[in-house]
Amino acid sequence: MIETATATAKEKADIKVKIQRFGSYLSGMVMPNIGAFIAWGIITALFIPSGRWPNEDLAKLVGPMITYLLPLLIGFTGGRMVYDIRGGVVGATATMGVIVGTDIPMFLGAMIMGPIGGFVIKKFDQAIHGKIKSGFEMLVNNFSAGILGGVLTLLAYKGVGPVVEALSNALAKGVDIVVDINILPLANIFIEPAKVLFLNNAINHGILSPLGVEQAAKAGKSILFLLETNPGPGLGILLAYWLFGKGSAKLTAPGAVVIHFLGGIHEIYFPYILMRPMLIFAAMAGGVSGVFTFNLFNAGLVAAPSPGSIFALMAMTPKGGAVGVLAGVLVATAVSFAVASLILKTSKATDEDLSSAAAKMEQMKGKKSSVSSVLTNSQNAIIPENVNKIVFACDAGMGSSAMGASILRNKVKKAGLDITVINTAINNLPNDADVVVTHKDLTDRAKAKLPNVTHISVENFLNSPRYDELINDLRK
């Protein structure tokens, strides 16, 4: 029975890791290009006929950017993720086929053809490796990329494009039906738990944003941009911890509020939910009520706000839509706060996470404990004497990992250590990393990427006792 339960738990963990990895790959094609999406959103919000400063001449930029620039960037990034620059070039070339072969923005097609282009040229190069006569390398490299890129473009134009267009139209109609019958708020019953499992970027940039961009191109705005990015549910939970929490959670909540609501880094509130899993119902209630309010006000954004800061939301709000967006955020915050406050006030659980409990146990015991590694789910190997680079990794490499890296970087500087501390996406972990710090839910993926380095798991990037332990180990 024990072996069966263990095997089942391992299977569930493997499935979660695979879903996270796939989601990271989808978001990884979009996240590096968010700046271009924001540029398009700003131009759209300002210069289209219903914009803040309508300008027929400047509005001509809107169509080509969404039709060509954004899909090509996604296609290039997808190809590059598979096979560096060479894969990116072939991926972007192949993406052109689905762009020209359809009448809608081809974000989904770019996510398909970009990686396919990178994969095909990678396999070709592997097949001919060591078989090209000296002096013909450049000729073969250039023409192979050109020929394969051309063939893939033709296939995409005639075969993939029409299929993807039909699929995109079906998804868009499905979304329209969901909106028309007023059940869109129920989507947050699934979105909020998925966010806490670190699928937030995959949901937002891999699914909702491509569909939202198509809606915005037609209607000038889309409510889909508000489903995952609404900071209200997380803000309500953090405010409840601020008032009714205990210990370190109460002390760190005010800083987390600023980082979450103003900075837009939603990952900051995930550990607070993980400490009290019942709080997921507060997030779900806030998300559902917020989207319901957005629906009532017919609210929407012109482009995806990234990060999910209130400033980013307002910047992407179309002319005359601020009241609806703010109302949805405020209602989500109020509902989430009410439910979270009730849970925190009636709960008898302590506020210590597993890492804190393990550190306290070792302090009481006066030495390292073998049980500690089980509680913290980390690889407590001896820190190498020649540690030169510490890497913080999260799903997108721009949110929680950036905060953790900043905190540890200051500690390293104060300790007088000559060590580089950086942050990156978990899919882009550098091979020269000596120590990798991740959230405990992402540690298995990090170990799969770099199995031979020291891995440290944390439950809260903002306040983890593991940082001081690492500094002490490095000093020794």
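Student: In what order do the four strands of the open sheet stand, and what is the pairing?

Tutor: The order is β2-β1-β3-β4, and the pairing is parallel. Strands here are DSSP runs (E, at least two residues), and helices are runs of H or I with at least four, numbered from the N terminus. By the way, this is a predicted model, where local features need pLDDT of at least 70, side-chain atom pairs count only at pLDDT 80 or more, and totals for chains, interfaces and linings use all residues. Residues are numbered from 1 along each chain as its sequence is written, and side-chain values use heavy atoms, with hydrogens and water left out.

Student: What makes β2 and β4 stand at the edges?

Tutor: β2 (420–425) and β4 (454–458) each have a single partner strand, so one side of each has no neighbour in the sheet.

Student: How do you know that β1 and β2 pair?

Tutor: Two strands pair if DSSP finds at least two bridges between them. β1 (residues 389–394) and β2 have six bridges, in the parallel sense, so by that rule they count as paired.

Student: Why is Gly 255 called partly exposed?

Tutor: Buried means under 20% relative accessible area, exposed means over 50%, and partly exposed is in between (1.4 Å probe, protein chains only). Gly 255 has 34%, so it is partly exposed. Gly 255 sits in helix α8 (residues 247–262).

Student: How far apart in space are Gly 255 and Ile 268?

Tutor: They are 9.7 Å apart, C-alpha to C-alpha, and 13 residues apart in sequence.
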